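Here is a short tour of one protein chain. Look at the sequence and the fold first, then read on.

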Amino acid sequence: MRYLVKAKVKPGQEKALMQAIADRTLGQGSVAGDEYLHNMEQARLASDGAAHWVEVCFCPTPLQEERPYWEEYLELLSVKDAHARRNCRDLNGVEPWACCDCDCTRRLEERLQQSGQPFLDVLRSRTSKE
């Protein structure tokens, strides 16, 4: 299933998050692998200071696996279904693991790229000044 995630970096965690991204250790040990890095590369920073991204997760509870890794650095403000669950080919049993290479995810990410600023650019700028 695809989720629209909205989160803010926890106070004092910007540098640690940037380091985990730079070292490619963000999400290390998770079955989701490099998805965390991809999500940060795709994330956009909105005018309210929150990062927004599209995340694919196959857990019975949204972001069940990913949540502990994110919550080390981020306050998750919302995790919403990105589309109707009945349309998810993985959830409705039409195609297991369909979200991995689904054009729905790509289209959502492309649409998100039209808003806000690149989250990583802003994070790099903020942490390089420290």
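## Two crossing helices

H1 and H5 cross in a left-handed way. (Left-handed means that the near helix is turned anticlockwise from the far one by less than a right angle; clockwise would be right-handed.) Two packed helices are described by the angle between their axes and the distance between the axes. The axes of H1 and H5 come within 10 Å and cross at roughly 120°. Such axes are lines fitted to C-alpha atoms, for helices over the stretch in contact, with angles from 0 to 180 degrees between N-to-C directions. H1 and H5 are therefore oblique to each other. (Under 35 degrees counts as roughly parallel, over 145 as roughly antiparallel, 65 to 115 as roughly perpendicular, and the rest as oblique.)

Which residues of H1 and H5 meet? From H1 come Glu14, Lys15, Leu17, Met18 and Ile21; from H5 come Phe119, Leu120, Leu123, Arg124, Arg126 and Thr127. By class, this contact has six nonpolar, one polar and four charged residues. (Ala, Val, Leu, Ile, Met, Phe, Trp, Tyr, Cys and Pro count as nonpolar, Asp, Glu, Lys and Arg as charged, and the others, Gly among them, as polar.)

## About the model

The model is predicted: local features need pLDDT of at least 70, side-chain atom pairs count only at pLDDT 80 or more, and totals for chains, interfaces and linings use all residues. Residues are numbered from 1 along each chain as its sequence is written, and side-chain values use heavy atoms, leaving out hydrogens and water.

## The chain as a whole

The protein chain has five helices and five strands. (Helices, H or I with at least four residues, and strands, E with at least two, are DSSP runs numbered from the N terminus.) Their order from the N terminus is β-α-α-β-β-α-β-α-β-α.

## The core

The largest nonpolar core holds 27 residues. (Such a core is a set of buried Ala, Val, Leu, Ile, Met, Phe, Trp, Tyr and Cys residues joined through side-chain atoms within 4.5 Å; buried means under 20% relative accessible area, exposed over 50%, partly exposed in between, with a 1.4 Å probe and protein chains only.) Among those touching the most other members are Leu17, Trp53 and Phe119.

Trp53 touches residues including Tyr3, Met40, Trp70 and Leu112, not counting residues up to four places away in sequence. (Contact means heavy atoms within 4.5 Å.)

## Two loop residues

Arg24 lies in the loop between H1 and H2. Its phi is near 65°, a positive value in a residue other than glycine.

Leu63 sits in the loop between E3 and helix H3 (67-71). Phi of Leu63 is near 60°, also positive. Leu63 counts as buried, at 0% relative accessibility.
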